[in-house]
Amino acid sequence: MPGQAVRESIQGRPFNDILNELHAHTFSGAPGESDPFTLSELEREYIAYALALYYQCDHCQVYHGRVVERMRAKSGAAPWGWKEEFVKIILFLRTSKASVSPLEWDGWIASWRRFAGRIHYRQPGLACGIAYAIGIARADETLMDLAFASLRTLYPDPETLLGVIRDIDRVVVFMKAATSKNRTDPIVRRHLAIQGILV
């Protein structure tokens, strides 16, 4: 229609097509193309939601939160205030060893292990998988070491452990790009609009 702005992608259709394909390879799989997943789709979506919280991306929180709720409903999962628990996970994981004293760090580890055990009861390995994802996202070797120690105990088979690490890493790679894009697109659109460019 004349006079009506058509909402285009800032990055362009070919780029977004690739991003959508990457989303499929990370979450649902592309038939005949994707590597097999080790973690369930729900587990990968939980990790994505946690990263959305960590990166404070409202768009990603809404999207992945809805996907998690839909999957939980479809599977008949027991009621669980998972969103509130995820806020606590992220609060725990914002702490880094470098930002606290050795005594505080020892206390943090003890508290984290108790808390992660409570989450494990609801979804085995989830807290450690999220911790590993956050460790990758912020290149925190100490957090990655801590989470990996738990993951290798939970998944003693080397092939299974490799699959879990791959699944977590794929989600992190996708989410870091997606959260940046979703948080900055409105700013970029505003900047372009100043010049009369509507996308």
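A48 is buried, because its relative accessibility is 0% and the cut-off for buried is under 20%. The model described here is predicted. A48 lies in helix α2, which covers residues 41-54. Its contacts beyond four places in sequence are F27, H64, V171 and M175. G65 is 17 residues away from A48 along the chain. The C-alpha atoms of A48 and G65 are 9.0 Å apart.

E85 belongs to helix α4, residues 82-93. E85 has a relative accessibility of 11%, so this residue also counts as buried. The side chain of E85 makes a polar contact with the side chain of K88, at 3.1 Å. Apart from neighbours within four places in sequence, E85 touches W80, F115, R118 and I119. Of these contacts, F115, R118 and I119 are among the α5 residues that meet α4.

The pairing of these two helices was examined next. Helix α5 spans residues 102-122. The axes of α4 and α5 are 11 Å apart. The angle between them is about 155°. The two helices are therefore roughly antiparallel, since angles over 145 degrees fall in that class. The crossing of α4 with α5 is left-handed.

Residues from both helices build this contact. From α4 come E85, K88, I89, F92 and L93. From α5 come W108, S111, W112, F115, R118 and I119. By class, the contact has 7 nonpolar residues, 3 charged residues and 1 polar residue. E85 and K88 count among the charged residues, because Glu and Lys belong to that class. Both E85 and K88 are on the α4 side, and they are the pair joined by the 3.1 Å polar contact.

T160 gives a further case. This residue sits in helix α8, which runs over residues 158-194. T160 has a relative accessible area of 28%, so it is partly exposed. That value lies between the cut-offs of 20% for buried and 50% for exposed. Beyond four places in sequence, T160 touches T38 and Y155. L39 is 121 residues from T160 in sequence. In space, the C-alpha atoms of T160 and L39 are 9.2 Å apart.

Note on methods. Residues numbered from 1 in each chain as written. Predicted model: local features only at pLDDT ≥ 70, side-chain atom pairs only at ≥ 80, totals over all residues. Heavy atoms only, no water. Helix = DSSP H or I, 4+ residues; strand = E, 2+ residues; numbered from the N terminus. Buried < 20%, exposed > 50% of the residue type's maximum accessible area, 1.4 Å probe, protein only. Polar contact = N/O pair within 3.5 Å; in protein donor to acceptor, adjacent residues only side chain to side chain. Contact = heavy atoms within 4.5 Å. Axes fitted to C-alpha atoms, helices over the stretch in contact; angles between N-to-C directions. Parallel < 35°, antiparallel > 145°, perpendicular 65-115°, else oblique. Left-handed = near helix turned anticlockwise from the far one by under 90°.
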